[in-house]
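Good morning, and thank you for coming. Please look at the structure on the screen while I describe some of its helix contacts, aromatic rings and backbone features.

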Amino acid sequence: MNVPLLATDEGELADRDAFRHDVLAGLDGSPRAIPAKYLYDARGSALFDAICEQPEYYPTRTEAAILRRHAGEIAVLAGAGCALVEFGSGSSVKTRLLLDAMQDLHAYVPIDISRRHLDATAQRLREDYPGLRVDPVTGDYMALAALPPAINGARRIGFFPGSTIGNLTPEDAVQFLRRVRRLLRADGALVLGVDLKKDTRRLHAAYNDAAGITAQFTLNLLRRMNRELEANFDLSAFAHEAFYDEPAGRIEIYFRSLRYQTVTVAGRRYTFSEGERVHTEYSYKYADADIADLARLGGFSIGHIWTDPARLFAVAFLTQAQN
């Protein structure tokens, strides 16, 4: 007997079909690569939260300190009665710093690809901010065409923290900003977290923490393929690899095969040579001039930039450029 699918089941099946398509396309390609968004299933999102707590990983605590110090200024720039729209919300930890400062918000709209993680976060926020309207949106913010109609009429303030903009190539980052500009409308603005260029040793340590949490995060992608795509990856036969490509200005992250082996994924067989790498993620770092260029090409102007004393990280308030 066929069991009727619930709406959430249909969504999960659609997500799994997209995951299967993109993984197979990535493994069939040369060089092999799998989109970074698939690192963030429920376990991956939880592991990333754990990464943010590691002593080597400076971006989260540095950005949080900047937001804690300047949230009041951001609230003034945003104005009363606005809607805060977060792209890739995760656990919304840093968002709370803005929510506490923006006490007259019209609504908060968190957007995330992990439905279960998003639902749990939305529920906690409703409990902690009983007067706040929370309208979560499950989906890929890179392909989002519209925002909930409930925020129509309110000024839209985007929030893209964590230097997630660095996970995009410069070309994709510009396209993302242009899409965001349309979603936020003419009077909207964007609060953007950007990781700054710095000493290579500090960068290497941040993405190769001593506790091995980042390695677990990378290899969780293999675990997810085993669970959702009937793959048979031996996680002990692969390793996390991350390094800084200084000329390109980016961290590159891979999972690397430790031996010659054959793996089955969704019924297809793939051979990996010893040392072969599969790309999972970039993390671009920016200089001041890079931020200005990115904003201009994306259709924004820099309203204000705040940094920490050591200039490890920056938070920018971007307003819509006037044509």
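Predicted model: local features only at pLDDT ≥ 70, side-chain atom pairs only at ≥ 80, totals over all residues.

Let me begin with a definition: a residue is called buried if its relative accessible area is under 20%, exposed if that area is over 50%, and partly exposed in between, using a 1.4 Å probe and protein chains only. By this rule, both Y282 and Y284 are buried.

Residues are numbered from 1 along each chain as its sequence is written, and side-chain values use heavy atoms, leaving out hydrogens and water.

I turn now to the aromatic rings. A pair of aromatic rings is described by the distance of the centres and the angle of the planes. Rings of Phe, Tyr and Trp (for Trp, its six-membered ring) pair if their centres lie within 6.5 Å; planes under 30 degrees apart count as stacked, over 60 as edge-to-face, and the rest as tilted. How many aromatic pairs does a search of the whole structure find? The search finds 17.

One of them joins F48 and F217: the ring centres are 6.1 Å apart and the planes are at 45 degrees, so this pair is tilted. It links distant parts of the chain, since F48 belongs to helix α2 (residues 42–51) and F217 to helix α8 (residues 213–228), 169 residues apart. Helices here are DSSP runs of H or I with at least four residues, strands are runs of E with at least two, and both are numbered from the N terminus. F48 is partly exposed, with a relative accessible area of 24%, whereas F217 is buried at 3%. The rings of Y282 and Y284 have centres 5.7 Å apart and planes at 70 degrees, so that pair is edge-to-face. Finally, F48 and F217 belong to one aromatic cluster together with Y40, Y57 and Y207.

The axes of α2 and α8 come within 9 Å and cross at roughly 170 degrees. Such axes are lines fitted to C-alpha atoms, for helices over the stretch in contact, and angles run from 0 to 180 degrees between N-to-C directions. α2 and α8 are therefore roughly antiparallel; angles under 35 degrees count as roughly parallel, over 145 as roughly antiparallel, 65 to 115 as roughly perpendicular, and the rest as oblique. Their contact (heavy atoms within 4.5 Å) includes L47 and F48 of α2 and F217 and N220 of α8.

On the α6 side, the contact is made by A173, V174, L177 and R178, and on the α9 side by L294, A295 and L297.

I close with the backbone. The peptide bond from S30 to P31 is cis, with omega near 0 degrees, and P31 lies in the loop between α1 (7–28) and α2. S163, in the loop between β4 (156–160) and α6, has a positive phi near 55 degrees although it is not a glycine. S163 is buried, at 5% relative accessibility. R311 also has phi near 55 degrees, and is partly exposed at 39%.
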